[in-house]
Amino acid sequence: MPSKEPRVNPQFITQREREILNLIAEGYKSREIADDLNISVRTVEKYLYNLRRKTNLRNTSSLLEYAFEKKVIDIYEILESYFQKRTLKQMKDNQKLAKA
């Protein structure tokens, strides 16, 4: 049975849903997203459920593929954010080592 075509116009995806998609694309798990955004894991899962329902997609990887294709999220922003966070973490780790 072929899957149905996603039906939502990307402009109807909320800012918070975009934020969660960005974090998922960066490799964050629901628990990490919840901690980062100060919301519950259940709320994160509800956002993902609503996104899958809006887009008529069954899983997160299809949702990310759709988000990249429709330019809901930008791969360059995700990569920039990822490397900024990684660099910051390395700097903090180096400071801890220097103090030890």
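User: How many salt bridges does the structure hold?
Analyst: This is a predicted model. Side chains of opposite charge can pair when their charged atoms come close. In this structure, the number of salt bridges is five.

User: Which residue forms a salt bridge with lysine 54?
Analyst: Lysine 54 lies in helix 3 and its partner in helix 1, so the pair ties together parts that are 37 residues apart in sequence. The closest N and O atoms are 2.9 Å apart. The partner of lysine 54 is glutamate 17.

User: Are lysine 54 and glutamate 17 buried or exposed?
Analyst: To count as buried, a residue needs a relative accessible area under 20%. Lysine 54 falls in that class, and so does glutamate 17. Both residues of the pair are buried.

User: Which backbone oxygen does the side chain of lysine 54 reach?
Analyst: Lysine 54 has its place in helix 3. Its side chain makes a polar contact of 2.9 Å with the side chain of glutamate 17. The lysine 54 side chain also reaches a backbone oxygen at 3.0 Å, and that oxygen belongs to phenylalanine 12.

User: How many residues apart are glutamate 26 and lysine 85?
Analyst: The two side chains meet in a salt bridge of 3.1 Å, N to O. Glutamate 26 sits in the loop between helix 1 and helix 2, and lysine 85 sits in helix 5. The pair links distant parts of the chain, and the separation is 59 residues.

User: Is glutamate 26 buried or exposed?
Analyst: The cut-off for buried is under 20% relative accessible area. Lysine 85, the salt-bridge partner, has 32% and is partly exposed. Glutamate 26 has 14%, so glutamate 26 counts as buried.

User: What separates aspartate 93 and lysine 89 along helix 5?
Analyst: Aspartate 93 forms a salt bridge with lysine 89, and the closest N and O atoms are 3.0 Å apart. An α-helix has 3.6 residues a turn, so residues three or four places apart point the same way. Aspartate 93 and lysine 89 are four residues apart in helix 5, so their separation is about one helical turn.

User: Is lysine 89 buried or exposed?
Analyst: Exposed means over 50% relative accessible area. Aspartate 93, its salt-bridge partner, has 30% and is partly exposed. Lysine 89 has 52%, so lysine 89 is exposed.

User: Which helices do the buried residues of helix 1 pack against?
Analyst: The buried residues in helix 1 are Glu17, Arg18, Ile20, Leu21, Leu23 and Ile24. These buried residues pack against helix 2, helix 3, helix 4 and helix 5.

User: Which residue does the side chain of serine 30 join in a polar contact?
Analyst: Serine 30 lies in helix 2. With a relative accessible area of 15%, serine 30 is buried. Leaving aside neighbours within four places in sequence, its contacts are Val41, Val44, Glu45 and Leu48. The polar contact, at 2.3 Å, is with glutamate 45.

User: Leaving aside neighbours within four places in sequence, which residues is leucine 48 in contact with?
Analyst: Leucine 48 is among the core members that touch the most others. Leaving aside neighbours within four places in sequence, leucine 48 is in contact with Ile20, Ile24, Ser30 and Leu63.

User: What is the accessible area of the nonpolar patch on the surface?
Analyst: Its members are Ile75, Tyr76, Leu79, Tyr82 and Phe83. Tyrosine 82 lies in helix 5 and is partly exposed, at 37%. Together the five members have about 510 Å².

User: What is the phi of lysine 71?
Analyst: Most residues other than glycine have a negative phi. Lysine 71 is in the loop between helix 4 and helix 5 and is exposed, at 68%. Its phi is positive, near 60 degrees.

Methods
Residues are numbered from 1 along each chain as its sequence is written. This is a predicted model: local features need pLDDT of at least 70, side-chain atom pairs count only at pLDDT 80 or more; totals for chains, interfaces and linings use all residues. Side-chain values use heavy atoms; hydrogens and water are left out. Helices (H or I, at least four residues) and strands (E, at least two) are DSSP runs, numbered from the N terminus. Buried means under 20% relative accessible area, exposed over 50%, partly exposed in between (1.4 Å probe, protein chains only). A polar contact is a pair of N or O atoms within 3.5 Å; within protein, one must be able to donate a hydrogen and the other to accept it, and residues adjacent in sequence count only if both atoms are side-chain atoms. Contact means heavy atoms within 4.5 Å. Patches are made of residues with over 30% relative accessible area and no salt bridge: like charges are joined within 9 Å, nonpolar side chains (Val, Leu, Ile, Met, Phe, Trp, Tyr) within 5 Å. Accessible areas come from the Shrake-Rupley method with a 1.4 Å probe; for residues, only the protein chains shown count as cover. A salt bridge is a side-chain nitrogen of Lys or Arg within 4 Å of a carboxyl oxygen of Asp or Glu. A nonpolar core is a set of buried Ala, Val, Leu, Ile, Met, Phe, Trp, Tyr and Cys residues joined through side-chain atoms within 4.5 Å.
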